[in-house]
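This report describes one chain of a model and its contact with a second chain. The sequence and structure come first.

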Amino acid sequence: MEEAKRINDLIVANEAELFTVIGTSEEEIERIDSAPYSFWRASFRQLFKKPFVIVCFIMLFLVVFFTIFGPMMLSYEIYDSSTTTAERFGDPQIGYYQFPTADHWFGICGKNMGASFEGLDLWTCVWEGARLSLLLAIVVSLINVIVGLTIGALWGYFKWLDPIMLEIRNFISNVPTLLLYILLMNVFIDYMEDYGFFIIVFLLTMFSWMGLATIMRNQIIIIRNREYNIASKTLGTSSSNMILHNLLPYLVSIIVTVVSGEIPGVISAEVSLAFFGLSFDIKNGDVTLGQVLTASTQGATGTASGAWAPWLTNWYLLLAPLVVLVPLTISFYYIGFALADATDPRTHR
Amino acid sequence: MAFYLIGYSIIFFIIALVIFIELVAHRIIYKDNAVMQRIFGHPLLRYSLRRVGSSLITILLAVIATFFLIRAGYASEMDTLCHQTQFGGVPISKLPPQLVEDVCVRFEKDMGFAGSPFEQLGFFLYSILPFPKTLCTTSFTLDSATGEYLMHVQDCRFFIMDLGKIFNTSVSGDQKEVYVIDFVFQKMAISFPVGILAVLVDLGLGYPLGLWMAKHKDGIPDKLGNAYIITVGSIPGVAYYYILLAVFVGIFSLPSVYNASDPLSYIAPVLTLGLAGLTGTALWVRRYMVDEFNSDYVKFARAKGLSENRIMGVHVMRNAIVPLIRSIPASVLFALLGSFFVEKIYNIQGIGNLLINANASKEFFAIQGVVIIEAFIAVIAYLLGDIVTAVADPRISLSKE
């Protein structure tokens with residue numbers, strides 16, 4: 001007891017020495033000493049902590065660079081119906097296949113690729129193909145994301161929409177997509193020359209927004225009735241404000257996860273369409289990566305005779321489209337994958 | 001006659017059973033009979049009935065949509081198709097010209113293309129709805145005595161479900177005018193061995209990989225596994241299949257064409273399918289295992305001094321397996337349908353290849369048939385998945401109460 005009193009006296013005595021008055025300042029009061037926090041800046045800082053993300057950005061940059069400037073580096077026509085195959089090969093003595101040379105950096109499209117490809121410069125084909133594939137992927141992903149987000153948000157928010165949308169989803173999931181593409185392509189085939197791009201965009205967007213919409217719906221149903229949303233609703237917040245300011249920001253990480261898979265997903269989907277001959281036609285001057293890959297792997301393996309596929313011996317045929325396709329999809333996918341992690345606020349700081 | 005009798009008695013039996021189950025479940029009859037209540041009033045049974053009922057409606061809608069798509073895509077082709085067709089092995093060009101028009105009209109009628117769209121839809125639903133019926137198509141044979149092709153043969157057959165005929169021999173192989181329903185089952189038998197072996201590879205390698213990754217979370221196995229999963233997940237499937245084909249055929253010199261009697265030729269397609277499929281399995285096994293790791297029961301088991309392997313293999317696995325088991329019936333049943341890509345690449349003459357050929361030669365009955373059978377298989381598969389989950393996990397009850 002006495003001890004405590006003694007310490008107390010000591011503190012009172014020394015108070016003048018311990019503290020000095022520095023006055024007040026309006027500015028100092030308002031200043032925030034901790035570093036300012038910005039969600040997106042923190043996300044991107046988190047993103048670039050992963051070394052492979054930087055590798056991916058470099059790969060992506062290279063692919064996009066060559067997509068734009070690649071075809072200009074070697075001046076060959078992508079498809080020229082006025083020339084014959086023999087003319088396109090230049091020297092008929094070369095034969096049907098030619099490995100990369102100084103004139104043809106990825107070699108020449110071989111005989112197995114069919115009459116419309118045979119003799120074309122593979123470098124030009126591949127980068128022209130990458131251009132159309134990328135354009136298609138960006139357009140289709142944008143449409144899918146916008147439609148998917150809008151429908152998903154409305155679907156989750158308005159209860160009366162749920163039974164209708166569930167029926168539509170069940171219906172869509174019961175129709176095999178590839179079969180639908182085959183059947184629709186039979187209807188559209190005559191218009192491919194003039195409206196090819198729009199038809200392919202339509203095929204790839206038709207049902208694929210459903211994935212994002214379903215995930216949005218499930219997530220929104222989970223957070224729809226949280227306290228802060230009920231409070232907002234009680235205060236009379238309008239539905240559009242609720243969706244835009246209360247629900248969507250909460251789901252950024254999940255949205256980014258889904259959206260990140262979208263671009264490589266569309267590129268893959270186009271490759272699959274091309275595999276079944278449902279994509280563009282090079283005779284109309286349109287070429288995609290899927291077409292190049294499908295054409296270059298044509299040959300004996302698919303037939304009953306079997307034997308040795310021409311592209312297995314002339315391996316440059318397979319390698320050329322893969323050199324573009326694999327870095328392109330992996331980099332998009334991995335960047336999205338890492339971004340999904342980085343946009344989770346729990347990983348910040 | 002016996003066919004009709006059996007067919008209708010089966011339908012009657014099913015309807016009676018459904019009514020009986022509903023009555024028991026609603027406690028209208030056998031209210032106090034505990035045994036009957038336990039067997040026929042089981043929530044799982046009622047749930048299955050409801051599921052099948054609502055699924056059948058969805059299938060019907062999907063099938064009608066397919067019907068209209070096919071009509072839109074092929075209606076203008078009917079005449080060309082008729083002229084390519086061989087009736088009873090007789091090319092139409094060998095028939096006398098005055099007969100050709102008559103033949104084509106009959107052909108349209110047989111194919112369900114005659115009359116207004118509603119009549120066509122009615123005929124179509126009549127043929128595919130599963131109840132016993134007799135349906136006939138026209139065909140011709142060569143009269144060897146006179147050397148003329150004039151004999152109309154009403155080719156009739158009993159059906160539970162009629163999916164039409166395949167006329168083009170480039171689709172049906174050596175068989176002339178084969179019924180789609182028979183043909184699809186023949187093709188399934190070809191698709192199934194590769195598919196089921198791939199499922200075995202998928203599960204047999206996917207589960208250990210997922211376990212291994214979960215056990216060494218953030219370690220080297222986890223990183224390697226993730227790198228593989230991301231690579232396979234991101235690059236287009238077709239590119240991946242060709243890379244594997246190049247590895248199997250180019251480096252290991254395995255046969256590149258599937259042959260049912262050569263076990264060596266199974267390796268490439270089975271591994272191609274299996275190695276792609278196992279990424280999904282491994283990913284989910286890892287995720288569920290990691291989620292379970294933080295549960296109280298795992299901490300408790302660890303505190304009691306159980307070995308890590310025992311915790312993983314017995315306690316965690318038992319819980320983590322519940323969400324995973326749902327997809328197993330689906331993967332086994334979908335093995336019947338094969339894979340488009342792998343069947344085309346390795347020349348396996350199964351369902352996938354059938355569809356591709358059928359589209360190329362505009363054999364729309366085959367396409368339609370496969371869509372319907374696929375839809376049925378999907379419904380059964382997901383229903384089985386739910387049932388298996390409910391059986392594996394006593395916490396799940398499918399009743400509303």
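The sections below go from the whole chain to the interface and then to individual helices.

## Basis

This is a predicted model, in which local features need pLDDT of at least 70 and side-chain atom pairs count only at pLDDT 80 or more, while totals for chains, interfaces and linings use all residues. Residues are numbered from 1 along each chain as its sequence is written, and chains are lettered from A and ligands numbered from 1 in the order in which they are written.

## Chain B overall

Chain B has 17 helices and six strands (DSSP runs numbered from the N terminus, H or I of at least four residues for helices and E of at least two for strands). Its C-alpha trace spans about 90 × 70 × 35 Å along the principal axes.

Among contacts in chain B with a separation of 6 or more, 67% join residues 24 or more positions apart (a contact has C-beta atoms, placed from the backbone, within 7 Å).

## Interface with chain A

Chain B contributes 39 residues to the contact and chain A contributes 37 residues. On the chain B side, at least two residues each come from α3 (43-74), α9 (220-234), α10 (237-251), α15 (340-345), α16 (351-360) and α17 (364-392). The largest share, eleven residues, belongs to α3(B).

By class, the side of chain B that touches chain A has 26 nonpolar, eleven polar and two charged residues (Ala, Val, Leu, Ile, Met, Phe, Trp, Tyr, Cys and Pro are nonpolar, Asp, Glu, Lys and Arg charged, and the others, Gly among them, polar).

## Helices α8 and α9

The axes of α8(B), residues 180-215, and α9(B) come within 7 Å and cross at roughly 135° (lines fitted to C-alpha atoms over the stretch in contact, with angles from 0 to 180 degrees between N-to-C directions). The two helices are therefore oblique to each other (under 35 degrees is roughly parallel, over 145 roughly antiparallel, 65 to 115 roughly perpendicular, and the rest oblique).

Leu209(B), Trp212(B) and Met213(B) in α8(B) meet Pro221(B), Asp222(B) and Gly225(B) in α9(B). By class, this contact has four nonpolar, one polar and one charged residues.

## Helix α13

Helix α13(B), residues 308-325, bends by about 55° at Met317(B) (the angle between axes fitted to the seven residues ending there and the seven starting there). Its buried residues are Ile311(B), Val316(B), Ala320(B) and Leu324(B). These buried residues pack against α11 (264-293), α12 (296-303) and α14 (327-334) of chain B.

Key
Buried ≥ 20, exposed ≤ 12 C-beta atoms within 10 Å, placed from the backbone. Contact = placed C-beta atoms within 7 Å.
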